[in-house]
Amino acid sequence: QYRFETLQLHAGQEEVEGTTRSRAVPIYQTTSYTFKDSDHAAKLFALQEFGNIYTRIMNPTTDVFEKRFAELEGGAAAIATSSGMSAIFFAIANAAEAGDNIVCARQLYGGSLTQFSHTIKRFGIEARVFNVSDASNLEEQIDDKTKAIFFESLSNPQIAVADVEGIVDIAKRKGVLTVCDNTVASAALFNPIKWGVDIVVHSTSKYTNGQGSAIGGIIVERDGLAEFFKENASKYTEFTQADESYHGLVYVDVPLPNFCLRARLSLLRDFGAAQSPHNSWILLQTLETLSLRMDKHSSSTLEVAKFLESHPKVKSVNYPGLESNADYKKAQKYFKDGKSSGLLSFEVESYEEAKRIIDSAKLFSVVVNIGDSKSLIVHPASTTHSQMNEEELVKAGVNPSTVRLSIGLEDPIDLIEDLTQALN
Ligand code: PLP
């Protein structure tokens with residue numbers, strides 16, 4: 001078994017491509033694949049043989065990306081989607097149906113909170129909320145209709161570190177699937193599956209891409225989920241009973257990772273949020289340097305956080321890599337060498353002061369994205385979390401005077417100089 005830095009370059013590309021011997025993974029920019037004859041086509045559709053059918057459901061470039069990502073996360077399989085939001089929706093829609101509920105962390109990316117509190121409600125799925133930092137109010141919200149617990153390992157923008165062990169422990173006792181959004185920590189710094197999480201999702205538009213150049217999402221599942229579905233057969237009937245939309249297929253009877261298989265055969269087939277082969281190719285390039293970039297993002301962010309902590313105009317700094325941070329111990333415990341990624345937020349005196357600083361920064365771009373190689377600055381309350389009312393904002397820990405930074409790969413001295421002039 002190779003180590004992370006080797007896997008991020010090689011995993012999933014089993015042999016140098018047969019026809020051309022191309023070293024780089026080729027872009028298979030095709031919608032469809034020729035069948036040898038009608039018998040071959042029928043066997044592929046009946047899952048008696050595995051092979052490419054149509055790019056909405058699978059693609060050889062995307063396949064290498066999925067296999068590589070699954071290995072980097074320590075999972076059994078992965079399925080790429082066209083965005084992080086579609087990965088999150090598919091993960092929930094694959095676990096729950098009308099009449100069910102999920103329990104999600106209060107501290108989440110604003111788009112996920114909106115999807116859970118408004119959109120999935122229209123599909124008949126209720127979202128309940130728990131505190132991710134200590135999972136104290138999680139257990140009491142779980143009932144026999146609870147199909148998933150959703151949380152971010154390192155939350156955006158509150159930068160709270162999840163009590164992963166506490167959450168997994170409750171989920172295992174209650175027989176509920178855990179879904180962890182690992183976007184901000186990244187596969188290079190944290191692997192939720194190794195801590196007992198069932199499903200990992202990412203917005204690959206962030207650190208996986210790292211250049212702000214491609215939107216994508218991915219779902220990874222741990223090994224052995226079929227056993228979990230069989231143990232909780234009356235709860236997860238979608239996996240244990242015949243799928244009438246797919247020739248009466250019973251997923252737990254298929255010797256392939258069940259969660260991704262159903263997401264592919266049912267959700268990707270019917271909702272179609274497939275990742276383009278070109279974006280899979282871009283993400284394969286950027287994935288090659290993920291661990292190197294995460295090291296630099298983390299060390300520079302710690303430098304900037306220490307600078308801000310000592311600045312008289314800054315009321316508080318939120319970065320779990322700082323010893324003064326409430327989540328410092330959890331960051332040291334879960335993240336590789338305690339490296340805490342590139343996101344930090346800080347509080348200033350007022351909304352006006354936050355806006356003034358954002359408008360005065362020169363090197364930082366005012367952008368709602370995170371995880372870019374270029375440093376970014378944003379005001380969450382009026383942008384990423386603007387769909388939330390005041391009460392929801394307070395609950396999500398987003399204040400009007402919060403400024404969020406995504407620290408890039410520039411020289412941190414230049415970033416600190418820019419912040420010095422912006423704060424003045
Ligand atoms: N999850 C997290 C933690 C995010 O920060 C984001 C986007 O900012 C998403 C999911 C959504 O991903 P995407 O923009 O790729 O749809």
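Predicted model: local features only at pLDDT ≥ 70, side-chain atom pairs only at ≥ 80, totals over all residues.
**Exercise 1. The nonpolar cores**

Find which residues touch the most other members of the largest nonpolar core, and list the contacts of Phe 151.

*Solution.* Start with the core itself, which holds 103 residues. Within this core, Phe 130 and Phe 151 touch the most other members. Next, take Phe 151 and leave out residues up to four places away in sequence. Its contacts are then Ala 105, Leu 108, Phe 130, Val 132, Ala 162, Val 164, Ile 167, Val 179, Cys 180, Asp 181 and Val 197. Finally, there is a second, separate core of 25 residues, with Tyr 319, Val 348, Leu 405 and Leu 415 among them.

**Exercise 2. Strand 9 and its partners**

Work out how many residues of strand 9 are buried, and which strands are joined to strand 9 by bridges.

*Solution.* Take the burial first, with under 20% relative accessible area as the cut-off. Strand 9 covers residues 343–347, and five of the five are buried, so the strand is largely enclosed by the rest of the structure.

Then look at the partners. Strand 8 (residues 316–318) runs antiparallel to strand 9 and is joined to it by three bridges; in this pair, Asn 318 stands opposite Ser 345. Strand 12 (residues 402–406) is also antiparallel to strand 9, with five bridges between them, and here Phe 346 stands opposite Val 403.

**Exercise 3. The largest pocket**

Describe the volume of the largest pocket and say which helix gives the largest share of its lining.

*Solution.* The volume is about 890 Å³. Of the 33 lining residues, Phe 50, Met 58, Asp 63, Leu 256 and Arg 264 are the closest to the centre. To trace the lining, note that helix 2 (38–45), helix 3 (60–72), strand 1 (77–81) and helix 9 (258–271) each supply at least two residues. Helix 3 gives the largest share, seven residues. By residue type, the lining has 19 nonpolar, six polar and eight charged residues.

**Exercise 4. The second largest pocket**

Repeat the analysis for the second largest pocket: what is its volume, and how does its lining divide by residue type?

*Solution.* This pocket has a volume of about 350 Å³. Its lining counts 22 residues, and the closest to its centre are Tyr 109, Ser 203, Ser 205, Lys 206 and Asn 369. Helix 4 (residues 84–95) provides the largest share, three residues. The lining divides into nine nonpolar, 10 polar and three charged residues.

Definitions and conventions. Residues numbered from 1 in each chain as written. Heavy atoms only, no water. Core = buried A, V, L, I, M, F, W, Y, C linked by side-chain atoms within 4.5 Å. Buried < 20%, exposed > 50% of the residue type's maximum accessible area, 1.4 Å probe, protein only. Contact = heavy atoms within 4.5 Å. Helix = DSSP H or I, 4+ residues; strand = E, 2+ residues; numbered from the N terminus. Pairing = 2+ DSSP bridges. 1 Å grid on protein atoms, 1.4 Å probe; cavity = no way out; pocket = protein on both sides within 12 Å on 5 of 7 lines; lining within 4 Å. Points joined across faces, edges and corners; volume = space filled by probe spheres on them. Nonpolar A, V, L, I, M, F, W, Y, C, P; charged D, E, K, R; others polar.
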